[in-house]
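Welcome! Please have the sequence and the fold open side by side as you read through this short report.

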Amino acid sequence: MRVDVPWPPIEPPANRWTFPTVERADDHGLVCVGGDLAPGTLVAAYRSGLFPMPVARRTMGWWSPDPRGVLPLDAVHVSRTLRRSARRFTISVDTAFADVMRACGDSSRPHGWITRDFVAAYSALHHLGWAHSVEVWDSEGVLVGGVYGIAIGRFFAGESMFHRATDASKVALVALTELLAEAGFTLFDVQWQTPHLTSLGVVEIGRDAYLDRLVGAVAGPTPRLSGAGPT
């Protein structure tokens, strides 16, 4: 169901937790465990260079990997094949956020971690204007791909993506990078580099360099993504 996403985002109640510094991270990037997924907690975490992911079924972990995967918005790799493939699809923004999240959390996918609690938490951020999705639809109007994440200032944290048709997740990610570049975003965080993301231009940078860039990116107002929010 489409939500009229407010812009600018609505600041949530303050975070009631104190996160340790990211220098406390272990070799896997785990900084601490516990806390909650309240909107204020999530926004504070991303502003601090952290993101949530469970370490066990009922234990929330907060992560800051070193190195960090980022996608330079001026160096996205889009092959001719992918450009041709994109013509088969229709792109939308913020029209099916929860559907995208649920598809990303499909229990049949390996290493799935997006639970109903995560869907509820990020949907709350979506209603406040912080979380966004890009959807990919086939010629019959079926949702076949998408990506979602968090926008704070000129920083965007890509969380997860899915596909049910060849190239649909790549098409979603490329569409998102174009929206971010057009809006003037300066840091697109994808957490970890993978072969799939490397093919699109994702590179790794050290944690210190990432945090330096993050400070400038989260400062100031959040640009409006084209097509997002009420007209």
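## Cysteine 32 and its sheet

In this predicted model, cysteine 32 stands opposite tryptophan 62 in β3. The two strands involved, β1 and β3 (residues 59–63), run antiparallel and are joined by 3 bridges. They belong to an open sheet of 3 strands, ordered β1-β3-β2, with antiparallel pairing. Because β1 (30–33) and β2 (51–56) each have a single partner strand, they stand at the edges, and one side of each is left without a neighbour in the sheet. On average, neighbouring strands here are turned by 40 degrees against each other, direction ignored.

Is cysteine 32 buried or exposed? Its relative accessibility is 15%, and since the cut-off for buried is under 20%, cysteine 32 counts as buried. Cysteine 104 counts as buried too, at 5% relative accessibility. As for disulfides, the structure holds 0 of them.

Helix α1 (residues 39–47) packs against helix α4 (residues 116–128) at an angle of about 85 degrees, and their axes are 9 Å apart. That angle makes α1 roughly perpendicular to α4. On the α1 side, Pro39, Leu42, Val43 and Tyr46 take part; they meet Ala121, Tyr122, Ala124, Leu125 and Leu128 in α4.

Helix α5 (residues 168–183) has 16 residues, which at 1.5 Å a residue should span 22 Å; its end C-alpha atoms lie 23 Å apart, in agreement.

How many of the residues of α5 are buried? The count is 12 of the 16, so the helix is largely enclosed by the rest of the structure. After α5 comes glycine 184, with a positive phi near 90 degrees.

## Backbone details to look up

Two peptide bonds are worth a look if you are checking torsions. A cis bond joins tryptophan 7 and proline 8, with omega about 0 degrees; proline 8 sits in the segment before β1. Another cis bond joins aspartate 66 and proline 67, with omega about 10 degrees, and proline 67 lies in the loop between β3 and β4 (68–70).

Aspartate 167 has phi near 75 degrees and lies in the loop between β8 (155–163) and α5; at 21% relative accessibility it counts as partly exposed. Glutamine 191 has a positive phi of about 75 degrees, but lies in strand β9 (residues 187–191) and is buried, with a relative accessible area of 4%.

Methods:
Residues are numbered from 1 along each chain as its sequence is written. This is a predicted model: local features need pLDDT of at least 70, side-chain atom pairs count only at pLDDT 80 or more; totals for chains, interfaces and linings use all residues. Side-chain values use heavy atoms; hydrogens and water are left out. Two strands pair if DSSP finds at least two bridges between them. Helices (H or I, at least four residues) and strands (E, at least two) are DSSP runs, numbered from the N terminus. Axes are lines fitted to C-alpha atoms, for helices over the stretch in contact, and angles run from 0 to 180 degrees between N-to-C directions. A disulfide is a pair of cysteine sulfur atoms within 2.5 Å. Buried means under 20% relative accessible area, exposed over 50%, partly exposed in between (1.4 Å probe, protein chains only). The expected span of a helix is 1.5 Å times one less than its number of residues. Angles under 35 degrees count as roughly parallel, over 145 as roughly antiparallel, 65 to 115 as roughly perpendicular and the rest as oblique. Contact means heavy atoms within 4.5 Å.
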